[in-house]
Amino acid sequence: MQENIIIADKGPTSQTGSWQQQLSQAVRDPAVLCQRLGLSDKWLPGARTGHQLFEVCVPDAYLSRIAPGDTGDPLLSQVLPLDDEALILPGYVADPLEEADHQPASGLIHKYAGRVLLIASPNCAINCRYCFRRHFPYSDNSPSRAQWQQALDYLRADTTIQEAILSGGDPLAANDRQLAWLVGELEQIPHLKRLRIHTRLPVVIPDRVDTLLLDWLKSTRLQKVVVLHINHANEIDQAVVDACTRLTQAGATLLNQSVLLRDVNDSVTTLAALSERLFEAGVLPYYLHVLDPVQGAAHFDVPDSEARELVAELRNHLPGFLMPRLVREIPGEGSKTPI
Ligand SMILES: *Cc1c(COP(=O)(O)O)cnc(C)c1O
Ligand code: SF4
């Protein structure tokens with residue numbers, strides 16, 4: 001019965017095929033990307049340069065939300081590689097979060113009290129140009145079932161851990177058989193209370209939120225939090241709203257984290273519209289991250305002083321519950337650091 005309701009709610013979508021098919025058909029060629037977006041040839045050399053450093057990947061479902069020919073489109077700059085990515089600048093490094101220092105087991109990062117991050121999939125459904133994981137050595141961090149045992153043993157042994165956070169890459173890029181298995185193992189650990197999933201997939205390919213996913217999500221005893229990664233209101237079309245509804249109906253609390261990005265969302269109007277649109281989709285703003293100083297992404301940077309002013313002004317436009325927390329991740333700190 002519940003299943004029928006969920007399917008009926010899904011409504012029409014312009015995309016066809018399973019999420020895996022949609023992902024395998026994603027645009028991965030800079031020339032095709034420029035052509036599909038109606039960009040003139042002058043963008044192509046830059047797109048090729050950036051692509052060499054971090055390959056293009058944009059599924060149709062996301063591409064369809066970008067206005068062709070509009071080089072100022074806030075979704076375009078999140079996916080279009082530029083020459084600037086090749087700049088080597090002081091302070092912009094490959095592993096800005098120094099995560100390599102906090103891996104007691106393969107695929108597991110333990111930096112903060114009570115919660116542990118598990119790299120559930122090395123892959124993403126989209127390659128975001130600002131990504132702080134663009135240089136992450138994922139090949140060392142996509143454990144097989146046997147290798148997960150080390151991480152699971154670590155979780156079993158530390159009774160202070162209450163929350164397992166599935167991360168990546170994008171954890172929902174893993175298939176549901178693997179995810180159902182992993183969640184099945186996690187929920188047998190008595191001191192674990194919560195399962196958190198940090199993902200951009202329901203935004204990039206809303207059809208990812210399908211029956212198989214909802215099945216394991218609904219059936220776990222763990223409390224569920226899904227943290228979406230959305231940077232601009234234009235990313236939330238009706239298919240995304242419907243995917244959020246399905247997640248909520250499966251019992252998940254929905255939050256969002258954004259990255260403050262130059263020329264994408266660095267204005268009060270844009271940030272206010274994002275919070276309003278998130279709430280329409282049943283999602284509460286959680287974090288607004290300032291950019292991690294990752295090599296190749298400096299052109300997205302907004303200085304802290306400007307970020308502070310933006311957020312102070314944003315407070316004059318939004319109810320308190322729609323205000324994201326402005327934070328930075330500082331290596332060695334016990335939590336994200338408010339700015
Ligand atoms: C951000 C992060 C978390 C979660 O932090 P919250 O403040 O609870 O959202 C956990 N582990 C790692 C390694 C993180 O980077
Ligand atoms: S989905 Fe997240 S992890 Fe993947 S490229 Fe985008 S920002 Fe990075």
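1. A residue is taken to be near a molecule if its C-beta atom, placed from the backbone, lies within 6 Å of that molecule. On that criterion the residues around ligand 1 are Ile 109, Lys 111, Tyr 112, Arg 115, Leu 117, Ile 165, Ser 335 and Lys 336. Strands E1 and E2 are the elements that give two or more residues to this shell, and E1 gives the most, with three residues. Helices (H or I, at least four residues) and strands (E, at least two) are DSSP runs, numbered from the N terminus. By class, the shell holds four nonpolar, one polar and three charged residues, where Ala, Val, Leu, Ile, Met, Phe, Trp, Tyr, Cys and Pro count as nonpolar, Asp, Glu, Lys and Arg as charged, and the others, Gly among them, as polar.

2. On provenance, this is a predicted model, in which local features need pLDDT of at least 70 and side-chain atom pairs count only at pLDDT 80 or more, while totals for chains, interfaces and linings use all residues. Residues are numbered from 1 along each chain as its sequence is written, and chains are lettered from A and ligands numbered from 1 in the order in which they are written.

3. Lys 336, one of the residues around ligand 1, carries the UniProt feature "modified residue: N6-(pyridoxal phosphate)lysine", which comes from an unreviewed entry. UniProt positions are given in the numbering used here, feature names are shortened, and annotations may be inferred rather than shown by experiment. Lys 336 sits in the loop between strand E8 (325-328) and strand E9 (337-338). Leaving aside residues up to four places away in sequence, Lys 336 touches Tyr 287, Val 327 and Glu 329, contact being defined by C-beta atoms, placed from the backbone, that lie within 7 Å.

4. Cys 128 is buried because 22 other C-beta atoms are within 10 Å, and Cys 131 is buried because 21 other C-beta atoms are within 10 Å.

5. The domain assignment of the chain gives domain 1 (2-86) and domain 2 (99-338), bounds that come from an automatic or database domain assignment. Their centres, taken over C-alpha atoms, are separated by 20 Å, and the contact takes 30 residues from domain 1 and 30 residues from domain 2. On the side of domain 1 that touches domain 2, the elements giving two or more residues are helix H1 (2-10), helix H2 (19-24), helix H4 (44-53), helix H5 (60-63) and H6, with H1 giving the most, four residues. That side has 16 nonpolar, seven polar and seven charged residues.

6. Two pairs of residues separated in sequence deserve a look. Ala 94, in the loop between helix H6 (76-79) and strand E1 (108-112), has its C-alpha atom 8.5 Å from that of Pro 293, 199 residues apart along the chain; Ala 94 is partly exposed because 13 other C-beta atoms lie within 10 Å. Thr 269, in helix H12, and Glu 313 are 44 residues apart in sequence and 9.9 Å apart in space, C-alpha to C-alpha; Thr 269 counts as exposed because it has 10 C-beta neighbours inside 10 Å.

7. Most residues other than glycine have a negative phi, and most peptide bonds are trans. The peptide bond from Gly 168 to Gly 169 is cis, with omega near 20 degrees, and Gly 169 is in the loop between strand E3 (163-168) and helix H8 (176-186). Asp 263, a residue other than glycine, has a positive phi near 65 degrees and lies in the loop between strand E6 (252-259) and helix H12 (268-280).

8. Helix H11 (residues 238-249) has 12 residues and reaches 16 Å from its first C-alpha to its last, close to the 16 Å expected at 1.5 Å a residue, the expected span being 1.5 Å times one less than the number of residues. Buried residues in H11 are Ala 239, Val 240, Asp 242, Ala 243, Cys 244, Arg 246 and Leu 247, and just after H11, Gly 251 takes a positive phi of about 100 degrees.

Technical notes: Buried ≥ 20, exposed ≤ 12 C-beta atoms within 10 Å, placed from the backbone. Contact = placed C-beta atoms within 7 Å.
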